[in-house]
Amino acid sequence: MSRRFVPFIFCAMLLALSFGLVGCSSEMEEPTTPTYKTSLAKDEQRNSAYGKEFPQQYELYLRNNQSSPEEARKTMTRFKGSIPFHKNDNYNELPVGYPGAGQPYLKNLWLGYPFSWEYNEARGHTYAIHDILEIDRINQYGEAAGLPATCWNCKTGMIPKWVEEYSDEKFWSMNFNLLRTKDKIDMVDHSIGCAACHDPQNMELKLYSIPLQDYLKRSGKDWSKMSRNDKRAWMCGQCHVEYYFGEADYGPNKKPVFPWDLGFNPDQIYEYYKDKGKKNADGSPTAFFDWVHPVSKTPMLKAQHPEYEFWQDGTHGAAGVTCADCHMPYMRLDGKQKVSSHLWTSPLRNEGMIDNSCRQCHTDKTADYLKKRVEWTQQKTYDQLLTAQELSVRAHEAIRRADEWSGYKGAEFDKAMAEARELTRKGQFFWDMVSAENSIGFHNPAKALDTLALSQQYSRQAADAAIRATNYEIAKDLEGNIQDIVPPLVEWTREMQMDPQIMEKHVWTRYLKPIPKSERYWRLQDKVGTAPVTTSSTN
């Protein structure tokens, strides 16, 4: 090459490099979604109405109706599925060959609270209304629900309409059953769907959750200024979160509140609850609790489904991978147009779903490898979950035995028992934060295992404190397999609690008060009896 061409080539390379640096240094533009102008009314709530405008997305949404035993064989993953089996056993209504992931002590740990009557694996969003109307937690044996209208909050997009109709002050504490009839709500058309995420007239992402709107407002976050990625995550974060029913001393009675003012971690949420209970006569706050466990007399917290809290600082959340990236991956129905899947499900269901979601980033891994890796993580979490659960049971039983111990009680007895109850409350809440979180630890393996390790630590310390209160006299009674000391409650329903003779059959159910006998009054949306008005004595 002639030397006279070298300076020219060198200058050309510098010029090209400078253009490249300018290109790399400029900020990437925020992806934009298509703009729409629909014919829908601004307050449209019916899923079928959206379906006429967006038939492909609606077809995918209707695929959430997969829950028959035959279909379940195709849709179940190792730990989850769309059959509403009882989560405290490993066999109820499960497809043949499915190993199950039951937690045998759920009814024991929630005894005295409606969750102990029935707690099932969730089905698709299309069944949200049907399943809440059918579950034993909502009173089907009387006119009164026993639970407030708050329980509708994550079951339908109708909430803004109802709050406008009845007022924010009154709606949340209304009787749940007042809104269950056919003239108030359609089980199919008003189930969680299009209206929960989209503005009907332009299809922009829109919050329907009033509790989330309240949180964003008090935390100084402006929805209109959020990135598209954040909005996509918050769509699921409207419901897949921990929350509680607020006390009247702090705002509208029973209105759901997201307890994130101190942070998203279990210890921060637990700390938040310490002064959110009913106020004393002098105006001082008390610790919030959902119910008092009848066996240990401990004020308890019931965790909900904190997927958002675990995801947001997990591996994927920290990397900016949102819920929609994995659970609503892009696909082509007609081989041409790319649409976001509205079949909200686990990517582990089949190899094609893993390809559409996981392997968009993990291109160097096979679908089989990724599935086995996720299941390995989940199995580790599940094993520790069962250990934490048994330790919580042991803590309650230790307090029960210490309470009823008739020997000498020293000056430190009451202090030790108060310590035991506080640790039992904390240990069970930390277990429940993982138990109620629907990824079996996958959304944040480190946080899940750390939370369960702390749960086990607190529950052990709780049992130790109760044993110490009796000068170690009850220690021998708590030795051995906990399932021999306190058998799991496989069967326990609202109807069983109407029969004092049945209540005598298990050592723990003897501590409950029987509820009034009543014939079945509700079957889904229809009144089928003339039962008297009753309220639960355990709520």
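Tutor: Let me start with Arg401, which is partly exposed at a relative accessibility of 24%, where buried means under 20% relative accessible area, exposed means over 50%, and partly exposed covers what lies in between, with a 1.4 Å probe and protein chains only. This is a predicted model, in which local features need pLDDT of at least 70 and side-chain atom pairs count only at pLDDT 80 or more, whereas totals for chains, interfaces and linings use all residues. Residues are numbered from 1 along each chain as its sequence is written, and side-chain values use heavy atoms, with hydrogens and water left out.

Student: OK, and which salt bridges that share partners involve Arg401?

Tutor: Arg401 belongs to one network with Glu397, Arg400 and Glu404, joined by salt bridges with shared partners; a salt bridge here is a side-chain nitrogen of Lys or Arg within 4 Å of a carboxyl oxygen of Asp or Glu. Between the side chains of Glu397 and Arg401, the N to O distance is 2.7 Å.

Student: Where do Glu397 and Arg401 sit relative to each other, and in which helix?

Tutor: Both are in helix 16 (residues 367-403), and because they are four residues apart, about one helical turn separates them. Helices (H or I, at least four residues) and strands (E, at least two) are DSSP runs numbered from the N terminus.

Student: Is Glu397 buried or exposed?

Tutor: Glu397 counts as buried, with a relative accessibility of 0%.

Student: How many salt bridges does a search of the whole structure find?

Tutor: The search finds 25. One of them pairs Glu143 with Lys527, whose closest N and O atoms are 3.7 Å apart. That pair links distant parts of the chain, 384 residues apart, with Glu143 in the loop between helix 6 (128-134) and helix 7 (159-166) and Lys527 in strand 8. Glu143 is partly exposed at 26%, and Lys527 is also partly exposed, at 48%.

Student: Switching topic: which residues touch the most other members in the largest nonpolar core?

Tutor: That core has 97 residues, and those touching the most other members are Trp152, Ile159, Phe171, Trp234, Trp260 and Phe429. A nonpolar core is a set of buried Ala, Val, Leu, Ile, Met, Phe, Trp, Tyr and Cys residues joined through side-chain atoms within 4.5 Å.

Student: And which helix gives the most to this core?

Tutor: Helix 17 (residues 413-435) does, with six residues. Apart from that core lies another, of 15 residues, among them Ile399, Ala402, Ile467 and Ala469.

Student: What does Trp260 touch?

Tutor: Leaving out residues up to four places away in sequence, Trp260 touches Leu212, Tyr215, Trp234, Gly237, Val241, Glu242, Ile269, Tyr308 and Glu309, a contact meaning heavy atoms within 4.5 Å.

Student: Last one: what are the secondary structure totals for the chain?

Tutor: The chain comes to 20 helices and eight strands, and 51% of its 539 residues count as buried.
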